Amino acid sequence: MSDLHLGPQAPRTTAAFVRWVGGLAGRADALLVLGDLFETWIGDDLLEQPQRDQHHAVCACLGQLAAGGCFVGVQRGNRDFLLGSAFARRCGARLLDDPCLLELAGQRIVLSHGDALCIDDLPYMRWRAVCREPKWQQDFLAQPLAARQQQAAAARAQSRDSQAAMLAPGDADASEAARWLQRARADWMIHGHTHRPREHWQQAQLRQVLSDWDLEKPSDPRAQALWLRPRAGWVEVRREDLGAALAQPADAPAT
Ligand SMILES: [Mn+2]
């Protein structure tokens, strides 16, 4: 899964995710989050704050899942690119490179958040290069938490504006994806970021785009998980739509 965008701004989505992860124990060997688990992440020291919020709840449920023997792998997205080793320890999670290669039943699957595939979005690609610099990250993290919070809020507002201003929102570049696959000697890729869930076939290459999660408006609930089950020499794939089931409030009787 990817693009859950969890946090205090998405209380319903976060609560639903925590419930869903709670029911995952024993049903999955691994949970892989391909970026943007959180709407923002301004530093792992957020978890040291005495005031607990949605971030803590998410880490707690992942920690419990990992303690039960499930592998929890997390890629950094364009929102939560500052996820660090203290976060990973707290969740019992492994931070995954982007891209990384999953080998399953003899299949080679490239996993990525997907923002680095949007090469047509030059302003974003410039920003991405800057904020992934160790020096930039050190300087940002050296500021007090409140100052970082303010900057993150300003950046989010700006990103909303620029998205609305664009006539055609950016998408992953198919040729760039094909180049990544060639480099990895793979013909299957899974990524998120664009919020355009689809299967793209090109020659004999498959690129699966994950949905984002948003359960804040009950009229349009979005939540998906892509299940991969290894078989003898092949992989069974199922895209599960969780939106309607998870949009029910926790205290509603099961029907
Ligand atoms: Mn993203």
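**Notes on the predicted model**

1. Let me start with Arg-90, which sits in helix α3 (residues 85–91); helices here are DSSP runs of H or I with at least four residues, strands are runs of E with at least two, and both are numbered from the N terminus. This is a predicted model, in which local features need pLDDT of at least 70 and side-chain atom pairs count only at pLDDT 80 or more, while totals for chains, interfaces and linings use all residues. Residues are numbered from 1 along each chain as its sequence is written, and side-chain values use heavy atoms, with hydrogens and water left out.

2. Arg-90 has a relative accessible area of 37% and is therefore partly exposed (buried is under 20%, exposed over 50%, partly exposed in between, with a 1.4 Å probe and protein chains only). Leaving aside residues up to four places away in sequence, Arg-90 touches Leu-47, Glu-48, His-56, Cys-59 and Gly-63 (contact: heavy atoms within 4.5 Å). The Arg-90 side chain also reaches the backbone oxygen of Leu-47 at 3.4 Å.

3. Do have a look at the manganese ion: its protein donors are Asp-36 (OD), Asn-78 (OD1), His-113 (NE2) and His-193 (ND1), at 2.1 to 2.4 Å. Donors are N, O and S atoms within 2.8 Å of the metal (3.2 Å for Na, K and Ca), and water is not among the atoms, so sites may look incomplete. Asp-36, in the loop between β1 (30–34) and α2 (54–67), and His-113, in the loop between β5 (107–112) and α4 (122–131), are 77 residues apart and link distant parts of the chain. Asp-36 counts as buried because its relative accessibility is 1%; His-113, at 0%, counts as buried too.

4. On the cysteines, a search of the whole structure finds zero disulfides (a disulfide being a pair of cysteine sulfur atoms within 2.5 Å). For Cys-70, the nearest cysteine sulfur is that of Cys-61, 11 Å away. The sulfur of Cys-131 lies 14 Å from the closest cysteine sulfur, in Cys-118, which is too far for a bond. Cys-70 is buried at 7% relative accessibility, and Cys-131 is buried at 2%.

5. Finally, a word on the strands and a pocket. β1, β4 (100–104), β9 (224–230) and β10 (235–241) each supply at least two residues of the lining of the second largest pocket. The largest share, six residues, comes from β9. A pocket is an open set of points on a 1 Å grid over the protein atoms alone, where a 1.4 Å probe fits, with protein on both sides within 12 Å along at least five of seven lines; lining residues have an atom within 4 Å of a point.

Key:
Polar contact = N/O pair within 3.5 Å; in protein donor to acceptor, adjacent residues only side chain to side chain.
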